[in-house]
Amino acid sequence: MASCDPATMENGNRSCNKELGNRIGLTNMASASSSLRKRSDIALLSKVKHPVLKQILANLQEVVLGTKLAIFFLSIPIAIAAKYFKFGRPCVFVLSLLGLTPLAERLSFLTEQIAFYTGATVGGLINATCGNATELIIALIALYQGKIEVVKCSLLGSILSNLLLVLGTSLLSGGLANLNKEQKYDRKQADVNSSLMLLALLCQMLPLMFKFAYTKRSTGTTGAQVLLLSRTSSIIMLLCYVVYLFFQLKSHRHLFEAQQDDGESNEVSKDEQPMVIGFPSAVAWLVGMTVIIALLSDYIVDTIEAVSESWGLSVSFISIILLPIVGNACEHTSAVIFAFKNKLDITLGVALGSSTQIAMFVLPLNVAVGWIIGTDMDLSYNILETGSLFFAVLLTTFVLQDGTSHYLKGLVLVLCYFVIGSFFFLSSDPLHQTNAVIGVETPAKGVIEA
């Protein structure tokens, strides 16, 4: 295939334009976590003569040492040892959280490597599926163990963290770094994600409204009705998310591609070229790291209640605040760095895209999986959790409505997150004691009933 040089493009070669468009699409998809990577030193590898050994070392260098978070990989074997020798559940919890941080970033890197071989559409689907793999695995393990409220709180916290903390910090830092520039972004991407978030909010509010309506009429309500409503809404959300993927990756992909500045080159930079790792190696590493993530997630779910008692923190505060901050650390860093560079389209793609994926895919998927395994997982949150999500989505929608940004908008989002976090921090026993019939809650210990 002929190379797509500037001269060829100026002559209007359509195949070159399509090829470059695909490359740029992959580049935009890969840009979310590229800020945490470091370039490999190939000088040492050139001295290795054996081809198989050289390939193994090259893969280790690219996958394990190719991130600025590589130091945190040491916490993985320490966490396993701490679990085996019973060093204490809080110790296992902290080490597991630290170990998940580089794994989440490397998972994104591996999906991008696969995307270079499968193309933008299939690669984008893989990237969308694995983008929130950490949150998904933690939720599925907690669901399997019957800890439904941990599932709900962790996913709610991920949405709040992306909408308020990640996006807010990005707009705040980007606004302060570009005081003399007007920061603009394409409203079309923000409008699409905001509409989907409003749909997800409606589906999560309806079970609560349903219970309140029946209670007010004094007719009572059964958990079966709330469960049926939640499952119906989840099916609709999953179908809508499939349409959204087609919309994002195929029919309207141009809306989600970051706009280039006038001075930027159309060519993909060296940092964004495919690495030395091949397709089979990328798939093998992806499977291996997913297994490790599942293992550490199991440690976290097993120890979260013990950590709550040991630290004196509520389980909901740990699930809604601490877990998402660690799980979104890579996305958070990338979003802030791109906001510094005045590339708000990429920042919005990271923050809003992740929120939409959690709300429209991961949460209803857990409801569907619970349905399959016989666990009564629903979309029913209490009024304070639902209210927090409502105002977070509403505030984010208003902040992004004019297509421009400044530091005050970011500050408002961050302060809103701190207010919500303060409530859950002060909650003494927020984890609902839900019995087998969903929608019927028993009073928590220490609560005196009227």
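I count a residue as buried when its relative accessible area is under 20%, as exposed when it is over 50%, and as partly exposed in between (1.4 Å probe, protein chains only).

**Entry: what I am looking at**

I am working with a predicted model, in which local features need pLDDT of at least 70 and side-chain atom pairs count only at pLDDT 80 or more, while totals for chains, interfaces and linings use all residues. I number residues from 1 along each chain as its sequence is written, and side-chain values use heavy atoms, with hydrogens and water left out.

**Entry: the whole protein**

I looked up the secondary structure and found 17 helices and four strands. Helices (H or I, at least four residues) and strands (E, at least two) are DSSP runs, numbered from the N terminus. Of the 450 residues, 49% count as buried. The accessible surface comes to about 21200 Å², and 66% of it belongs to carbon and sulfur atoms. These areas come from the Shrake-Rupley method with a 1.4 Å probe, and for residues only the protein chains shown count as cover. I then looked at contacts, meaning heavy atoms within 4.5 Å. Among contacts between residues at least 6 apart in sequence, 81% join residues at least 24 apart.

Which residues of α5 are buried? In this helix, residues 75-84, I find S75, I76, A79 and A82 buried. They cover an arc of only 125° around the axis, which puts them on the same side of α5. The arc is that of the directions from the helix axis to the C-beta atoms. I note for reference that an α-helix has 3.6 residues a turn, so residues three or four places apart point the same way. The cover over the buried residues of α5 includes α6 (89-118) and α12 (279-311).

I moved on to K86, in the loop between α5 and α6. K86 is not a glycine, yet its phi is positive, about 55°. K86 counts as exposed, because its relative accessibility is 74%.

I place N342 in the loop between α14 (329-340) and α15. Its relative accessibility is 22%, so N342 counts as partly exposed.

**Entry: aromatic rings**

How many aromatic pairs does the structure hold? I count eight. Rings of Phe, Tyr and Trp (its six-membered ring) pair if their centres lie within 6.5 Å; planes under 30 degrees apart are stacked, over 60 edge-to-face, and the rest tilted. F93 and W311 have ring centres 5.9 Å apart and planes at 85°, so I log this pair as edge-to-face. F93 is in helix α6 and W311 in helix α12, so the pair ties together parts that are 218 residues apart in sequence. F93 is buried at 0% relative accessibility, whereas W311 is partly exposed at 37%.

I also checked F423 and F424, whose ring centres are 4.7 Å apart with planes at 65°, so this pair is edge-to-face. F423 is partly exposed at 33% relative accessibility, and F424 is buried at 2%. Ring pairs link Y84, F85 and F87 into a cluster.

I looked for a charge over a ring, which requires NZ of Lys or CZ of Arg within 6 Å of the ring centre and within 35 degrees of the ring normal. K152 lies over the face of Y381, at 6.0 Å from the ring centre.

**Entry: cysteines**

I searched for disulfides, meaning pairs of cysteine sulfur atoms within 2.5 Å, and the structure holds zero. For C240, the nearest cysteine sulfur is that of C203, 8.6 Å away. C240 is partly exposed, with a relative accessible area of 22%. C153 is buried, with a relative accessible area of 1%.

I find V226 in helix α11, residues 223-251. V226 is buried at 1% relative accessibility. V226 and L379 are 153 residues apart along the chain, and their C-alpha atoms are separated by 8.4 Å.

What does S234 touch, not counting residues up to four places away in sequence? I list P364, V367 and L379.

L365 is in helix α15, residues 344-373. Leaving aside neighbours within four places in sequence, L365 is in contact with L136 and L238. L365 and L136 are 229 residues apart along the chain, with 9.1 Å between their C-alpha atoms.
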